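Have the sequence and the structure open as you read the points below.

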Amino acid sequence: MAATTLLKGSCTSISISVPRLFTFAHAHRPLNLHQINSAVNQNYYHIRIRRGKPTLSPPPRIAALWHSSSPFCTAASADDASATAATASSEIVRDAAVVDEAAPVSEVVDEQKKIKDAADVLDIRVGRVLKAWRHEEADSLYVEEVDVGEPEPRTICSGLVKYVPLDHLQDRNVIVLANLKPRNMRGVKSNGMLMAASDASHENVELLVPPEGSLPGQRVWFGSEEDHQNQPPPASPNQIQKKKIWELVQPHLKTDDSCIALLGEQVMRTSAGLVTSTSLKNANIS
């Protein structure tokens with residue numbers, strides 16, 4: 001079904017506010033011609049029917065237009081009024097897709113809570129690489145001995161040969177996912193994973209960087225200090241694998257415009273500060 005005539009008509013010197021149609025508009029500010037022209041130029045993605053009322057969903061770059069307080073149209077010269085009337089008479093929304101019902105807010109909140117709860121039982125820690133060398137049987141792998149605050153260092157294999165020079169691994173602090181099930185990687189049992197940011201093409205990869213002052217073994221969490229206080233114990237490696245917890249969480253890990261590591265909108269942190277990438281912005285984390 002297409003909605004092609006949601007808003008038509010002529011205009012002289014009136015001001016129209018349509019918050020019921022354009023629910024993202026300012027509640028007390030009318031639409032101006034720039035905003036209407038944006039709609040005419042098909043900058044809006046969908047009309048959604050929610051509780052019997054049509055709403056439009058704009059892309060983020062257009063949402064800023066709705067902070068303007070200019071009137072939809074104003075009294076002007078005859079020529080201007082004629083041009084304004086012609087613009088207002090055109091179809092405002094053309095061939096927009098109609099969706100029966102948007103996802104209820106409660107469902108979105110429940111999904112976000114599910115992901116946050118899953119992330120809270122990951123055992124993500126600060127580690128320090130004590131020693132690193134090339135895997136003898138795999139050209140793409142390094143083998144590292146990593147201090148994660150346990151009596152003995154862990155052996156971890158990482159596919160970083162193409163991205164990180166070997167000398168950049170030695171004696172550096174890293175972020176380690178520590179409760180994955182051990183994996184045999186070409187004859188070496190890997191007991192954890194070094195976490196890194198990568199761009200969309202996976203041509204650039206950077207290890208995540210703990211904040212200055214972090215110590216090996218410190219646990220990482222997402223959110224506020226209150227989230228830290230309420231963080232549950234880590235799940236067992238068997239639980240992580242059986243419930244596919246890492247697979248649920250990983251797609252929601254990223255860096256922002258400031259290279260800060262995030263889970264959704266929750267910052268990734270230790271007691272010393274925020275976890276970051278060196279230079280990769282809006283990158284995936286795995």
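Arg 125 is buried in this predicted model, because its relative accessible area of 13% falls under the 20% cut-off. Its side chain meets that of Glu 150 in a salt bridge, at 3.2 Å from N to O. That pair links distant parts of the chain, 25 residues apart.

- Arg 125 belongs to strand β5 (residues 124–134), while Glu 150 sits in the loop between β6 (142–147) and β7 (154–158).
- Glu 150 counts as partly exposed, at 28% relative accessibility, whereas Arg 125 is buried.
- Both residues also belong to a network of salt bridges, in which Asp 123, Arg 125, Glu 150 and Arg 154 are linked.
- As background, side chains of opposite charge can pair when their charged atoms come close.

- Lys 113 and Asp 117 join their side chains in a salt bridge of 2.8 Å, N to O.
- Lys 113 counts as exposed, with 52% relative accessibility, and Asp 117 is partly exposed, with a relative accessible area of 37%.
- Lys 116 makes a salt bridge with Asp 227, where the side chains meet at 3.5 Å, N to O.
- Lys 116 lies in helix α4 and Asp 227 in helix α5 (residues 225–229), so this pair ties together parts that are 111 residues apart in sequence.
- Lys 116 counts as buried at 12% relative accessibility, while Asp 227 is partly exposed, with a relative accessible area of 24%.

- Glu 206 is part of strand β13 (residues 205–207).
- With a relative accessibility of 17%, Glu 206 counts as buried.
- A polar contact of 2.6 Å joins its side chain to that of Ser 277.
- The side chain of Glu 206 also reaches the backbone nitrogen of Leu 280, at 3.3 Å.
- Not counting residues up to four places away in sequence, Glu 206 touches Ala 196, Ala 197, Ser 277, Thr 278, Ser 279 and Leu 280.
- The C-alpha atoms of Glu 206 and Val 164 are separated by 7.5 Å, and these two residues are 42 residues apart along the chain.

- Thr 255 is found in strand β15 (residues 253–255).
- Thr 255 is buried, with a relative accessible area of 0%.
- A polar atom of the Thr 255 side chain lies 2.9 Å from the backbone oxygen of Leu 280.
- The Thr 255 side chain reaches the backbone nitrogen of Asn 282 as well, at 3.1 Å.
- Leaving aside neighbours within four places in sequence, the residues in contact with Thr 255 include Ala 197, Ile 260, Ala 261, Ser 277, Lys 281, Ala 283 and Ile 285.

**Where the two contact sets meet**

- Which atom of Leu 280 does the side chain of Glu 206 reach? The side chain of Glu 206 reaches the backbone nitrogen of Leu 280, and the backbone oxygen of Leu 280 lies 2.9 Å from a side-chain polar atom of Thr 255.
- Ala 197 and Ser 277 are among the residues that Glu 206 touches, and Thr 255 is in contact with Ala 197 and Ser 277 too.

Methods: Residues numbered from 1 in each chain as written. Predicted model: local features only at pLDDT ≥ 70, side-chain atom pairs only at ≥ 80, totals over all residues. Heavy atoms only, no water. Helix = DSSP H or I, 4+ residues; strand = E, 2+ residues; numbered from the N terminus. Buried < 20%, exposed > 50% of the residue type's maximum accessible area, 1.4 Å probe, protein only. Contact = heavy atoms within 4.5 Å. Polar contact = N/O pair within 3.5 Å; in protein donor to acceptor, adjacent residues only side chain to side chain. Salt bridge = Lys/Arg side-chain N within 4 Å of Asp/Glu carboxyl O.
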